[in-house]
Amino acid sequence: MSNIIIAPSILSSDFANLETELKKLEQNGADWVHIDVMDGHFVPNLTIGAPVVKALRKVTKLPLDVHLMIDNPQKYIKDFALAGSDYITFHYEAVKDNVEEVIELIKSYNIKAGISIKPKTTVNEIAKYIDKVDMVLVMTVEPGFGGQKFMNDCAEKISQIKKIIQKNLIIEVDGGINEETAKYCKALGANALVAGHYVYSMSDMKKAINSLR
Ligand code: DX5
Ligand code: ZN
């Protein structure tokens, strides 16, 4: 079995029963829990805030992979850090002028830092920051909603990133992941996959998660 990290996104889970949903992820072999934070500005949807992350932290030992799709992430990183996040990923497009400051802020809480790019952002734009982060999150859909179709062109960024890295880096892919698109991303060099709709729409979650490995 490959050592790829599978991070189901709870965006597609039952929000009325999050504790049960986390137990289900643990029992079915998820490696991380992916938490999609949306602010209604950076993306046209509103979801989860730090108080919810804090509550989730109490009921699972799985690493919490927090994906901030918000403007001004610097304003909220402290809250998400103290809530118990293990990975905090911000969007390059939201902080263009102070990327390094944001990376340092996340690291100051002893948390792994990730940088994410939307479909229209090139690898070139973030190339100089790649050696400063622990993870790059490549979006293969426009951020905002689960259940969208995988954009093939975006996945090519995975191999572009692979070519320029000098160290161990987590290359995570998010959006439209299923058994087939997972294969494609892994072949290009991805070592972490987020999956929402696919994992939650299958009757056998364990099988769904394993099919992505
Ligand atoms: C989209 C989110 C994703 C989303 C993935 O804005 O960042 O994490 O939940 O969902 P699927 O796997 O359904 O495309
Ligand atoms: Zn996400």
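Leaving aside neighbours within four places in sequence, which residues is Thr89 in contact with? In this predicted model, local features need pLDDT of at least 70, side-chain atom pairs count only at pLDDT 80 or more, and totals for chains, interfaces and linings use all residues. Residues are numbered from 1 along each chain as its sequence is written, chains are lettered from A and ligands numbered from 1 in the order in which they are written, and side-chain values use heavy atoms, with hydrogens and water left out.

Thr89 lies in strand β4. Helices (H or I, at least four residues) and strands (E, at least two) are DSSP runs, numbered from the N terminus. Beyond its neighbours within four places in sequence, Thr89 is in contact (heavy atoms within 4.5 Å) with Asp65, Val66, His67, Leu68, Gly114, Ile115, Ser116, Met135 and Leu137. Thr89 is buried, at a relative accessible area of 1%. Buried means under 20% relative accessible area, exposed over 50%, and partly exposed in between (1.4 Å probe, protein chains only).

Helix α5 spans residues 99–108, and its buried residues are Val99, Val102, Ile103 and Ile106. Viewed down the axis of α5, these buried residues fall within an arc of 100°, so they line one face of the helix. The arc is that of the directions from the helix axis to the C-beta atoms. An α-helix has 3.6 residues a turn, so residues three or four places apart point the same way. The buried residues of α5 pack against α3 (77–82), β4 (87–91), α4 (92–95) and β5 (112–117).

Two loop residues come next. Most residues other than glycine have a negative phi. Asn110, in the loop between α5 and β5, has a positive phi near 60°. Asn110 is exposed, at 75% relative accessibility. Asn72 is not a glycine either, and its phi is positive, about 50°. Asn72 sits in the loop between β3 (64–69) and α3. Asn72 is partly exposed, with a relative accessible area of 44%.

The axes of α7 (residues 152–164) and α8 (residues 179–188) come within 8 Å and cross at roughly 25°. That makes α7 roughly parallel to α8. Angles under 35 degrees count as roughly parallel, over 145 as roughly antiparallel, 65 to 115 as roughly perpendicular and the rest as oblique. From α7, Asn152, Ala155, Glu156, Ile158, Ser159 and Lys162 meet Tyr184, Cys185 and Leu188 of α8.

Note on methods. Axes fitted to C-alpha atoms, helices over the stretch in contact; angles between N-to-C directions.
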